[in-house]
There are 2 protein chains.
Amino acid sequence: MTDRVRVLLADDEHLIRGALAALLALEDDLTVVAEAASGPEALAMATAHRPDVAVLDLQMPGLDGLEVAAELRHRLPDCRVMIVTGHGRPGYLKRALEVGVRGFLPKTVSASDLAGIIRTVRAGGRYVDPELAAEAISAGDSPLTPRETDVLELAADGSSIAEIADRASLSQGTVRNYLSSAAGKLGAENRHAAVRIAREHGWL
Amino acid sequence: MTDRVRVLLADDEHLIRGALAALLALEDDLTVVAEAASGPEALAMATAHRPDVAVLDLQMPGLDGLEVAAELRHRLPDCRVMIVTGHGRPGYLKRALEVGVRGFLPKTVSASDLAGIIRTVRAGGRYVDPELAAEAISAGDSPLTPRETDVLELAADGSSIAEIADRASLSQGTVRNYLSSAAGKLGAENRHAAVRIAREHGWL
DNA sequence: GGTCGGCGGTGACAAATGTCATCGGGTGCC
DNA sequence: GGCACCCGATGACATTTGTCACCGCCGACC
């Protein structure tokens with residue numbers, strides 16, 4: 001542990017990001033070398049400063065944390081990526097692990113925990129919040145087929161079947177079949193409840 | 001300004017709250033006298049420590065920031081209340097001002113701004129984020145009657161008309177009338193789109 | 001080759017939903 | 001008193017939606 005850990009912080013909330021940076025600066029083996037307020041900016045800062053660890057907020061303008069993580073994996077394979085999230089829906093954890101994220105934690109952890117986890121991740125370890133992990137395991141995989149997911153996503157804003165069919169370039173009958181099937185798999189009464197359930201599980 | 005400003009911090013995200021506390025502690029005229037992670041806890045800490053300024057997150061378990069603000073207004077009329085929010089929907093600002101909140105700002109402000117605004121509010125001033133204010137003005141008041149709002153709220157989770165009627169103790173026909181009227185006023189195609197629109201405006 | 005599942009579609013039917021007119025009771029305002 | 005508006009309800013009607021059965025096509029897997 002001869003060198004200090006070089007950290008990139010990405011969070012669109014300036015207040016939070018600044019506070020975190022100030023707080024991590026108190027740890028004498030950590031250095032915040034770059035900050036970003038959006039997904040694309042995070043990528044740019046990462047390639048410019050080549051941090052050891054990137055701490056990404058899940059929800060950011062432009063590209064979200066997962067998209068940035070996926071891109072970083074290709075551009076900077078040596079950079080470890082951690083995701084910090086406010087409300088952690090289970091499905092995100094699974095997707096995060098798939099794109100090589102080494103740490104996944106809610107914002108309810110304490111600052112000293114965060115510093116510790118950064119060190120763990122830097123050393124090659126992994127950390128996943130136990131509660132989020134339990135939820136993810138109990139939630140399991142999405143039972144929906146890719147197409148069902150697509151169509152359900154188009155239904156998410158309350159559009160009519162006709163609109164969905166139009167945007168998906170499908171016949172209305174097909175759309176109804178998919179939505180009916182998806183609602184059945186999710187145990188929902190109608191497509192709108194299905195959207196809500198899929199959202200809660202992070203399957204959307 | 002002989003005394004230091006006594007501040008209460010309430011935010012359910014431990015990481016954020018701790019970071020903010022550390023950051024405000026750097027200002028030599030501010031003291032964080034209490035922290036809370038939920039609405040009820042915020043109330044309890046406030047009555048126990050009688051802060052000059054309460055900085056409340058909008059979304060908290062138990063009671064949200066607005067409910068805490070309303071309660072504080074009665075219990076501690078001398079305590080100035082500020083709301084800090086992640087994604088600020090317009091309607092909340094209006095409701096916040098109605099319950100006597102003196103400061104309303106998004107988490108995108110910088111830490112030094114926050115400290116400055118705390119001082120402003122403490123001195124009896126007000127501060128509202130200009131962008132949120134503009135949105136609130138353009139959004140205007142909700143066109144919905146109280147009952148329409150109630151029923152729309154019950155429809156928010158994708159329930160069927162029958163369930164809504166049951167929970168609201170209304171006839172199904174009445175429920176449909178209210179929803180139809182609400183959808184019409186909001187320019188929505190159906191009640192689900194109406195829910196989305198009302199949510200976006202903070203009218204729900 | 002056979003089977004299974006996903007994809008896209010059609011047709012038909014029942015149920016849910018949206019829409020409209022209309023009613024009575026209440027409240028508040030001019 | 002007259003008027004406007006909200007509340008709650010009913011009935012009728014057209015439309016949308018959900019559900020099911022069934023079709024062909026394709027790719028994967030055994």
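The model is predicted, with local features requiring pLDDT of at least 70, side-chain atom pairs counting only at pLDDT 80 or more, and totals for chains, interfaces and linings using all residues. Residues are numbered from 1 along each chain as its sequence is written, chains are lettered from A and ligands numbered from 1 in the order in which they are written, and side-chain values use heavy atoms, leaving out hydrogens and water.

**Interface between chain B and chain A**

- In contact (heavy atoms within 4.5 Å) are 30 residues of chain B and 30 residues of chain A.
- Because 100% of the interface residues of chain B are also interface residues in chain A, the copies meet through the same surface.
- The buried area, that is the accessible area (1.4 Å probe) that two parts lose on being put together, summed over both, is about 2,300 Å², and carbon and sulfur atoms give 65% of this.
- Between the two chains the count of salt bridges is zero, whereas 11 residue pairs, both at pLDDT 80 or more, are in polar contact; such a contact is a pair of N or O atoms within 3.5 Å, where within protein one must be able to donate a hydrogen and the other to accept it, and residues adjacent in sequence count only if both atoms are side-chain atoms.
- On the side of chain B that touches chain A, α1 (14-25), α5 (111-122) and α10 (191-200) of chain B each supply at least two residues, and α1(B) gives the most, with eight residues.

**Sheet of chain B**

- Helices (H or I, at least four residues) and strands (E, at least two) are DSSP runs, numbered from the N terminus, and two strands pair if DSSP finds at least two bridges between them.
- Six strands of chain B form an open sheet with parallel pairing in the order β2-β1-β3-β4-β5-β6.
- Its edge strands, each pairing on one side only, are β2 (30-36) and β6 (127-128) of chain B.

**Salt bridges**

- Over all chains the structure holds 26 salt bridges, each a side-chain nitrogen of Lys or Arg within 4 Å of a carboxyl oxygen of Asp or Glu.
- Arg17(A) forms a salt bridge with Glu35(A), with the closest N and O atoms 3.1 Å apart.
- Arg17(A) lies in helix α1 of chain A and Glu35(A) in strand β2 of chain A, so the pair ties together parts that are 18 residues apart in sequence.
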